[in-house]
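Below are some notes for a colleague who is opening this structure for the first time.

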Number of protein chains: 2
Amino acid sequence: MYTRLREHIEKVVPLTDEEFAFISKHFNYRKVKKHQYLIQEGDTTVYSYFVMTGLLKLSHTDANDKEHVLHFATEDWWVSDYQSYFHKTKATMSLDCLEDAEVLYISLEDDQQLHAALPKIEHFFLRKSHLSYIASQQRILSLLSTSAKERYEQFLRQYPTLLQRVNKTLIASYLGVSRETLSRLSS
Amino acid sequence: MYTRLREHIEKVVPLTDEEFAFISKHFNYRKVKKHQYLIQEGDTTVYSYFVMTGLLKLSHTDANDKEHVLHFATEDWWVSDYQSYFHKTKATMSLDCLEDAEVLYISLEDDQQLHAALPKIEHFFLRKSHLSYIASQQRILSLLSTSAKERYEQFLRQYPTLLQRVNKTLIASYLGVSRETLSRLSS
């Protein structure tokens, strides 16, 4: 069941069977159905999730009840409300399932124990963290500098398979454009 | 000269004198004047910078010659076009000085050697990386969900001293609002 996690980590750092057994002990497995929530805004205990199968959505709902999609997370993604996770503050984001999903999850305490005991896992997470940061920088730049049309075309290039898996209202929210604008662009 | 870097790292991990001497060897020092560039779009060799004094701006200029500010970097910030830095691709961002500045800089090769030889530095950079990622997530959310007025007020709360140090045109670019909108908000 944890093979996917091992393959994922070993793309960056090789592991012995003992090391992987030790890593596995820090994670828990959960199977969730479409529409279920893994994190709800206001939650006080937040885990970090590794997606094995399925599709999740990380979003924030504002005071006017409008939902803003931070990102979608599919196979091999790490996802959480990381502000809440690392700072032990109340969740300000929700994580829910757009498809049935299987995830592994870890608490901050287990995460920290794992890092302290196995420095090579820090090397792995540092690499992942760099990639996430680069992707965030590109997203910020895209929100600042590109038109709705360019953003939609970028999305198609970056995530060609998501178009079939996510409804247009959510894609519009992710792109920061209105549903009407997206319909015009994608017709 | 490197004391500031040591204090900065020791907020996360304690260092022996030998360890800090080893870290220092991997960095170079540079003094730069206002208006000088540390990275120009198209550069093929990009370093990662630690700001000791002064104020830098990381930005991207689009095909219509419009500048978009990714962020400002002042004392104790790490800054670079990290896509270019980590992937060894041509820079798509510029890093220039809004004030005279003193920086320490490191190449990716030295960075990697340092990490391989001193795992505790990975712990430090992982922590920094988490904080940067959280800040990016908040910025994305802010660009997606808040009005120009809210964004301006957030900026004032987060960076109260930058208002005196950065001109309004650049703040407008950072916030993704027009210069006219910003004048209305800040008058």
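**Notes on a sheet and a helix pair**

1. In chain A, four strands make up an open sheet, and their order is S2-S7-S4-S5 with antiparallel pairing. The model is a predicted one. Strand S2 (37–39) and strand S5 (67–73) of chain A are the edge strands, each pairing on one side only. On average, and with direction ignored, neighbouring strands of this sheet are turned by 30 degrees against each other.

2. Within the sheet, strand S4 (residues 56–61) of chain A pairs with strand S7 (residues 94–97) of chain A over four bridges, in the antiparallel sense. Here Leu56(A) has Cys97(A) of S7(A) opposite.

3. A helix from the other chain letter also belongs in this picture: helix H5 (residues 119–145) of chain B packs on the sheet and touches S4 and S5 of chain A.

4. Turning to chain B, how do helix H8 and helix H9 pack, and at what angle? Helix H8 (residues 168–175) and helix H9 (residues 179–186) of chain B have their axes 9 Å apart and meet at an angle of about 105 degrees. Because angles of 65 to 115 degrees count as roughly perpendicular, H8(B) is roughly perpendicular to H9(B).

5. On the H8(B) side, the contact is made by Lys168(B), Thr169(B), Ile171(B), Ala172(B) and Leu175(B). H9(B) contributes Arg179(B), Leu182(B) and Ser186(B). By kind, the residues of this contact are four nonpolar, two polar and two charged.

Definitions and conventions. Residues are numbered from 1 along each chain as its sequence is written. Chains are lettered from A and ligands numbered from 1 in the order in which they are written. This is a predicted model: local features need pLDDT of at least 70, side-chain atom pairs count only at pLDDT 80 or more; totals for chains, interfaces and linings use all residues. Side-chain values use heavy atoms; hydrogens and water are left out. Two strands pair if DSSP finds at least two bridges between them. Helices (H or I, at least four residues) and strands (E, at least two) are DSSP runs, numbered from the N terminus. Axes are lines fitted to C-alpha atoms, for helices over the stretch in contact, and angles run from 0 to 180 degrees between N-to-C directions. Contact means heavy atoms within 4.5 Å. Angles under 35 degrees count as roughly parallel, over 145 as roughly antiparallel, 65 to 115 as roughly perpendicular and the rest as oblique. Ala, Val, Leu, Ile, Met, Phe, Trp, Tyr, Cys and Pro count as nonpolar, Asp, Glu, Lys and Arg as charged, and the others, Gly among them, as polar.
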